[in-house]
Amino acid sequence: MSGLRLGFIGLGHITQNAHLAPLSELVESGDVVFQAFCDVHEETASEQAKKWGAKSVYTDYRAMFDAEELDAVYLCIPPTLHTDVELIAAEKGIALFVEKPQTLDVQQAVEYRDAIEAAGIVAQVGFMSRYYPASEKVCELLEGLTPRHAQVQLFYSGKHVRLWTSRMELCGGSFVENTIHMVDLLRFFLGDISAVSAFYFDRKSGEGPEPINMPHVYNVNYQFARGAVANATTSRVLTNVPYQRRTLTVVADDTLIDWSTQDVSVNGEIVAQWDDRPNAFALQARAFVDAVKKSDPKSVRSPYSEALNSLTAVLGANVSAAQGGERVVLDDMIQGKVVWTPKEVA
Ligand SMILES: NC(=O)c1ccc[n+]([C@@H]2O[C@H](COP(=O)([O-])OP(=O)(O)OC[C@H]3O[C@@H](n4cnc5c(N)ncnc54)[C@H](O)[C@@H]3O)[C@@H](O)[C@H]2O)c1
């Protein structure tokens, strides 16, 4: 196959700041062609097409699918706006890269998964943290060990950034929108999650800063299919200091492993370190392009079907928190017996 003909749907923040630069290197090497850029905001699509040399511009993805011969599509739109791109791509046999969270509706994700699996296309969800060399190192360290406990801390600013990531009904809350990366990383290390229980510290109506209506704190407990347990805390209490914390710890036998994007420690001693933070988006892009070229859906680290467990795990936390911390079995969500809708936690 010559250069992979790539279409982009959604040319906003993540596309502009994370995906296009590394992919443009693959354009230079002849691996990729920027065939078509589509954004409902025409000016955005045109500006980005001019900047990156895309061949054509659309404001309607259906028109793009009708007119273009594409090998793969990047779908980078907010989670509540997913409709039928996944189904069209599956029907046409076009590979798919979908940003996390795949949607806020588990049954919709199940429908997409079924179509993707039936079509046999490469479909990758954007859990780029699996591509940090530090993540590979943790997997390597865990070989032959029995992980029993893991812990995630994600403390970051409670300031408003933009509307859809500030509203529970539009992004599912910070645990869904952001901590999903860390939950997915837990799964990379410990396998699938089977059940969840959560308590949130909700924001009182009008407490602000406007227009944020999401919890201050998310305290979440997980049970893994293999028996291990984990807890993940996300706090957006700090608003006026530039301090952030993102930690992930795994305890297995006599080994306490601390992961970060730039180093890995065992029992307090650094065992691997990277001077500059590796560009996980670039590594993820390379893996996706290679998988499409080989027509090998299994060679990406977050195939759509497997990533469903990460999505269910974070939406399941919302269900549990709305039910006073009740244990939620993730299979019940896949089967549609338990559903999260934003109204339940409004
Ligand atoms: N991997 C990461 O670390 C990371 C970081 C940020 C965002 N994201 C995810 O990426 C996705 C997009 O987020 P963003 O920050 O780029 O959002 P954004 O709001 O900045 O951009 C979304 C773009 O999609 C366009 N759009 C919306 N509906 C469309 C449609 N039907 N057809 C064509 N264009 C459409 C909008 O006009 C906008 O330009 C979200 O799922 C988000 O969670 C991932």
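Helices (H or I, at least four residues) and strands (E, at least two) are DSSP runs, numbered from the N terminus. The model is predicted: local features need pLDDT of at least 70, side-chain atom pairs count only at pLDDT 80 or more, and totals for chains, interfaces and linings use all residues. Residue numbers start from 1 along each chain as its sequence is written.

View 1. K100 and P101 are joined by a cis peptide bond with omega of about -25°. P101 belongs to the loop between β5 (95-98) and α5.

View 2. Most residues other than glycine have a negative phi, and most peptide bonds are trans. D253, not a glycine, has a positive phi of about 50° and sits in the loop between β11 (245-252) and β12 (255-259). N267, in the loop between β13 (263-266) and β14 (269-273), also has a positive phi, near 50°. A residue is buried if 20 or more other C-beta atoms, placed from the backbone, lie within 10 Å of its own, exposed if 12 or fewer, and partly exposed in between. D253 counts as exposed because it has 11 C-beta neighbours inside 10 Å; N267 has 10 and therefore counts as exposed.

View 3. Contact means C-beta atoms, placed from the backbone, within 7 Å. By this criterion 19 residues of domain 1 meet 20 residues of domain 2. On the domain 1 side, α5 (106-119) and α10 (280-294) each supply at least two residues, and α5 gives the most, with five. That side has 11 nonpolar, five polar and three charged residues. Ala, Val, Leu, Ile, Met, Phe, Trp, Tyr, Cys and Pro count as nonpolar, Asp, Glu, Lys and Arg as charged, and the others, Gly among them, as polar.

**View 4. Packing of α5 against α11.** The two axes come within 10 Å and cross at roughly 175°, which makes α5 roughly antiparallel to α11. Axes are lines fitted to C-alpha atoms, for helices over the stretch in contact, and angles run from 0 to 180 degrees between N-to-C directions. Angles under 35 degrees count as roughly parallel, over 145 as roughly antiparallel, 65 to 115 as roughly perpendicular and the rest as oblique. V106, A109, Y112, R113, I116 and E117 of α5 meet Y304, S305, L308, L311, T312 and L315 of α11. These residues divide into eight nonpolar, two polar and two charged.

**View 5. Helix α11 and A317.** In α11 (residues 304-322), 17 of the 19 residues are buried, so the helix is largely enclosed by the rest of the structure. A317 is part of α11 and counts as buried because it has 31 C-beta neighbours inside 10 Å. Leaving aside neighbours within four places in sequence, A317 is in contact with F175, V196, A198, Y218 and V220.

**View 6. Helix α9 and the glycine after it.** Of the 11 residues of α9 (residues 180-190), 10 are buried, so this helix is largely enclosed by the rest of the structure. The buried residues include H181, D184 and R187. G191 follows α9 with a positive phi, near 90°.

Methods:
Two residues are in contact if their C-beta atoms, placed from the backbone, lie within 7 Å.
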